[in-house]
Amino acid sequence: MCSSDLATNSHAVKERLKEYALIAEIVGGLAVVVSLLFVGLQLQQSNALTTTDAVKDGTQLWLGAYVAAFGSEESTAFMRRALNHCEELSGDERGRFLATLTHFVAAYDNIFNQYEAGRLRREIFVSISADYFGIAETPCAQTVLSQDYTALPPWLRSSSGIGTLPEHPKGWRTWLVEQR
């Protein structure tokens, strides 16, 4: 083999290696793009799952409070009496009523936070809000909750009263009626 054949052969090998390197760069770049898309999809699914779990937990907490308060004939009769005639409750019954109301407040606090974070659909929030206000705004609930003001989350402790939401441009009651 002469030196010119070796030079031509060497040049051809170098050119082929450059082509392979170029192909490898293109494939590597595509692999990076595909992996970034995959990571983005995983993050999106993870966020959706986290949101779904948070909403599920919040609504289960609300349903748990509701079932505990109204899930049997005895508990429904107790709640009717407590909501309408709290002055007739014994000390133990008053404690039971406060515990039930606190359970509702905690569940609603979670629901409110989920709604504010944009994780809860408006129609679900409106429905739960109507139930909550139907309980929390009764005179007996207001009386019992005001006796243990510290049990309430900060956003429910407002100058406008116990068990109310933060200011809404239209007022929460007006907003709630408009949503139904």
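Let me begin with a definition: a residue counts as buried under 20% relative accessible area, as exposed over 50%, and as partly exposed in between, with a 1.4 Å probe and protein chains only. By that definition Ile-23, which has a relative accessible area of 51%, is exposed.

What you see above is a predicted model, in which local features need pLDDT of at least 70 and side-chain atom pairs count only at pLDDT 80 or more, while totals for chains, interfaces and linings use all residues. Residues are numbered from 1 along each chain as its sequence is written, and side-chain values use heavy atoms, with hydrogens and water left out.

The protein has six helices and two strands, where helices (H or I, at least four residues) and strands (E, at least two) are DSSP runs numbered from the N terminus. Along the sequence the order is α-α-α-α-α-β-β-α, and of the 180 residues 29% count as buried.

Ile-23 sits in helix H1, residues 3–70, and together with Val-13, Leu-17, Tyr-20 and Val-27 it makes a nonpolar surface patch of about 500 Å². Patches are made of residues with over 30% relative accessible area and no salt bridge, like charges being joined within 9 Å and nonpolar side chains (Val, Leu, Ile, Met, Phe, Trp, Tyr) within 5 Å; the areas come from the Shrake-Rupley method with a 1.4 Å probe, and for residues only the protein chains shown count as cover.

Now to the charged pairs. A salt bridge is a side-chain nitrogen of Lys or Arg within 4 Å of a carboxyl oxygen of Asp or Glu, and the structure holds four of them. One joins Glu-15 and Lys-18, with the closest N and O atoms 3.9 Å apart; both residues lie in helix H1, three residues apart, about one turn of the helix. Another joins Arg-96 and Glu-74, at 2.9 Å between the closest N and O atoms. Arg-96 is in helix H3 and Glu-74 in helix H2 (residues 73–84), so this pair ties together parts that are 22 residues apart in sequence.

Finally, how do helices H3 and H4 pack, and at what angle? Helix H3 (residues 91–116) and helix H4 (residues 122–136) pack at about 155 degrees, their axes 11 Å apart, where axes are lines fitted to C-alpha atoms, for helices over the stretch in contact, and angles run from 0 to 180 degrees between N-to-C directions. H3 and H4 are therefore roughly antiparallel, since angles over 145 degrees count as such, under 35 as roughly parallel, 65 to 115 as roughly perpendicular and the rest as oblique.
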